[in-house]
Amino acid sequence: MRPAPWRNEDIAEIAALEAGIMQGAWTATQLAGAYAAGNRGWTVRIGEELAAYAIVLPCGEAWELLRLGVAPAHRRQGLASRLVEEVAKQARVCGGQRILLEVRAHNEPALAFYRRVGFQEIARRRAYYARAAESEDAVIMERRIFMSES
Ligand SMILES: CC(C)(COP(=O)(O)OP(=O)(O)OC[C@H]1O[C@@H](n2cnc3c(N)ncnc32)[C@H](O)[C@@H]1OP(=O)(O)O)[C@@H](O)C(=O)NCCC(=O)NCCS
């Protein structure tokens with residue numbers, strides 16, 4: 001279950017997984033654009049199956065975690081934690097000092113997960129996600145990266 005750098009060939013599978021688990025899922029075209037733009041990504045496969053992925057905008061001292069998803073059958077097995085540690089490791093190697101992300105305020109599982117792996121809320125964008133009947137805040141979270149981390 002070691003994360004591997006994403007490849008162009010992963011994009012269709014990531015898009016299919018996204019469509020099943022994410023609100024506002026990225027399409028294969030959006031993912032291909034992110035890949036072509038040089039965003040970093042990692043996948044975890046269980047056998048042949050794509051089980052989890054992370055996509056990151058590496059941007060100097062602040063890296064942004066753009067996408068993180070785990071197939072339902074493979075949750076609570078530490079895959080997302082492993083991917084976040086890989087992102088932190090790679091960011092540290094490149095001189096990154098923090099990882100930022102944005103998550104929907106109603107996404108309690110993701111909020112619980114991010115808190116568990118060291119993220120803290122630093123800001124809220126009120127009613128960022130406008131929907132027909134209601135709106136939803138975006139929670140901005142940050143994890144500091146320390147050079148002493150292994
Ligand atoms: C959020 C998500 C990425 C977590 O992936 P995961 O591989 O299951 O997470 P891990 O197994 O590494 O979980 C580590 C810890 O995070 C917390 N956690 C994870 N999922 C949780 C949940 N559904 N409810 C509460 N806490 C949770 C727990 O403390 C867990 O440790 P434990 O299993 O020993 O209790 C996954 O549920 C997912 O893909 N959700 C849909 C997509 C999504 O919302 N992505 C984030 C959008 S910004």
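The legends below describe close-up views of a predicted model.

**View 1. The largest nonpolar core of the predicted model.** This core holds 33 residues, and Ala54, Leu83, Val87 and Ile99 have the most contacts inside it. At least two core residues come from each of helices H1 (11-21), H2 (28-36) and H3 (79-93). Strands E2 (40-46), E3 (49-57), E4 (62-70), E5 (98-104) and E7 (135-144) likewise each supply at least two. H3 gives the largest share, seven residues. In soluble globular proteins, nonpolar side chains tend to be buried together.

**View 2. Surroundings of Ile99.** Leaving aside residues up to four places away in sequence, Ile99 touches Trp63, Leu65, Val87, Ala88, Ala91, Arg143 and Ile145. Ile99 and Val87 are both among the core residues with the most contacts inside the core.

**View 3. The shell around the ligand.** The ligand has 19 residues around it, of which Arg75, Ala80, Ser81, Pro109 and Ala112 come nearest. E4, H3 and helix H4 (108-116) each contribute at least two residues to this shell. The most come from H4, which supplies five. By type, eleven shell residues are nonpolar, five are polar and three are charged.

**View 4. Gly69 and its contacts.** Gly69 lies in strand E4. Gly69 counts as buried because 23 C-beta neighbours lie inside 10 Å, and the cut-off is 20 or more. Apart from residues up to four places away in sequence, Gly69 touches Leu17, Glu18, Ile21, Met22, Ala52 and Tyr53. Met22 is 47 residues from Gly69 in sequence, yet their C-alpha atoms are 7.9 Å apart.

Conventions. Residues are numbered from 1 along each chain as its sequence is written. This is a predicted model: local features need pLDDT of at least 70, side-chain atom pairs count only at pLDDT 80 or more; totals for chains, interfaces and linings use all residues. A nonpolar core is a set of buried Ala, Val, Leu, Ile, Met, Phe, Trp, Tyr and Cys residues joined through C-beta atoms within 7 Å. A residue is buried if 20 or more other C-beta atoms lie within 10 Å of its own, exposed if 12 or fewer, and partly exposed in between; C-beta atoms are placed from the backbone. Helices (H or I, at least four residues) and strands (E, at least two) are DSSP runs, numbered from the N terminus. Two residues are in contact if their C-beta atoms, placed from the backbone, lie within 7 Å. A residue is near a molecule or strand if its C-beta atom, placed from the backbone, lies within 6 Å of it. Ala, Val, Leu, Ile, Met, Phe, Trp, Tyr, Cys and Pro count as nonpolar, Asp, Glu, Lys and Arg as charged, and the others, Gly among them, as polar.
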